[in-house]
Amino acid sequence: MIVYKIQDAKNFLRTITLKRIWNGLKVLSSFYLSRLIRKPVHWGMPMSISIEPTNLCNLGCTECPTGLKILTRRNGNLSMPFFQKTIDQIYKFTSYLTLYFQGEPFMNPAFFEFVAYASKKKMYTTTSTNGHYFTEANCKKAVDSGLSRLIVSVDGTTQDVYEKYRKDGNLAKVIEGLEMMMRTKKELKAKNPLVLLQFIVFKDNEHQIEDIQKLAKDIGVDHLALKTAQVYDFENSKNIIPDNVKYSRYKKRKDGSYEIKNKYYNHCWRSWQSSVITWDGHMVPCCFDKDATYKVGDLKSESFKDVWESEDLKLFRGSILTNRKQIDICQNCVEGTKIWI
């Protein structure tokens with residue numbers, strides 16, 4: 001873990017410039033000023049940004065809006081010209097790029113071109129995959145593109161447990177791909193991308209925590225992360241929430257229903273320092289707006305700066321400061337549950 005954190009910190013520190021530091025200070029100071037006066041004040045450009053390569057996916061995961069096919073927005077792939085146009089407007093200020101939202105990023109044929117373009121702008125790049133598209137060619141592209149971090153989701157150590165959540169998934173194929181990725185890094189003597197194996201803890205797989213720790217060690221990934229699950233339908237998903245409260249973001253009420261464990265505060269740092277861009281160019285306030293309900297602008301027809309400073313986004317930030325619990329996408333969110341940030 002220490003080696004992983006040091007290398008990850010090095011990857012991020014390489015992106016630091018005076019302009020990005022100054023921008024970060026402006027964003028941070030406006031965030032705390034807004035909390036103090038309870039009115040939205042915003043200075044600077046985003047410190048981080050998420051851009052969705054695609055909202056298409058090869059799996060049907062049971063707690064994912066994409067896998068459940070409940071999203072109402074249209075499907076498609078991000079285009080390279082639009083991506084370049086967007087990055088060109090923000091890279092001087094923005095150091096951190098997340099290349100996923102909904103969908104499986106590797107399904108976009110231009111994915112590694114996106115990474116390479118952002119890497120040349122000295123941006124930290126990260127993505128998350130279900131691991132079914134690892135080939136020798138893709139593993140080499142992952143290294144050559146300059147990708148900083150690669151998150152691979154493996155939510156079970158046996159096929160029967162794995163497929164309870166990762167519907168239509170093939171555990172053996174994912175493990176083979178992970179081994180290929182680590183072998184490629186070794187052959188190319190590459191430190192990046194850092195490979196993070198992610199294990200979302202459910203009731204059905206919490207008994208396999210020791211097994212996933214062993215598997216991560218055997219494969220030789222750079223880091224293992226145990227993640228709590230986000231549940232969308234409490235009535236029909238009670239069997240998904242693990243018994244071990246350490247690995248659950250929810251607590252049970254006296255009546256048997258569930259709620260977020262952490263206390264809510266009327267603020268959200270993420271809404272000040274970042275936003276999400278869908279594959280078709282819409283900006284939404286954060287990654288919990290899976291269906292792009294709270295669109296604040298269309299970057300196909302408006303400049304990034306105009307949308308970032310738009311009245312719609314200002315009103316959204318204002319509603320967070322006054323009564324965040326009334327915003328539906330905030331009701332199942334663990335951001336803004338800390339008193340300071």
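Let me start with F304, which touches M45, P46, I49, T86, Q89, I90, I277, M283 and L299, leaving out residues up to four places away in sequence; contact means heavy atoms within 4.5 Å. This is a predicted model, where local features need pLDDT of at least 70, side-chain atom pairs count only at pLDDT 80 or more, and totals for chains, interfaces and linings use all residues. Residues are numbered from 1 along each chain as its sequence is written, and side-chain values use heavy atoms, without hydrogens and water.

F304 also belongs to the largest nonpolar core, which has 58 residues; together with I51, F83, L97 and L178, F304 touches the most other members. A nonpolar core here is a set of buried Ala, Val, Leu, Ile, Met, Phe, Trp, Tyr and Cys residues joined through side-chain atoms within 4.5 Å. Buried is under 20% relative accessible area, exposed over 50%, partly exposed in between, with a 1.4 Å probe and protein chains only. A second, separate core has 13 residues, among them Y165, I200, A229 and I260.

Now the rings. There are 15 aromatic pairs in the structure. Rings of Phe, Tyr and Trp (its six-membered ring) pair if their centres lie within 6.5 Å; planes under 30 degrees apart are stacked, over 60 edge-to-face, the rest tilted. F12 and Y124 pair edge-to-face, at 6.3 Å centre to centre and 65° between the planes. F12 is partly exposed at 32% relative accessible area, whereas Y124 is buried at 1%.

F31 and Y32 are also an edge-to-face pair, at 5.2 Å and 65°. F31 is buried at 0%, and Y32 is partly exposed at 32%. Ring pairs join F31, Y32, W269 and W272 into a cluster.
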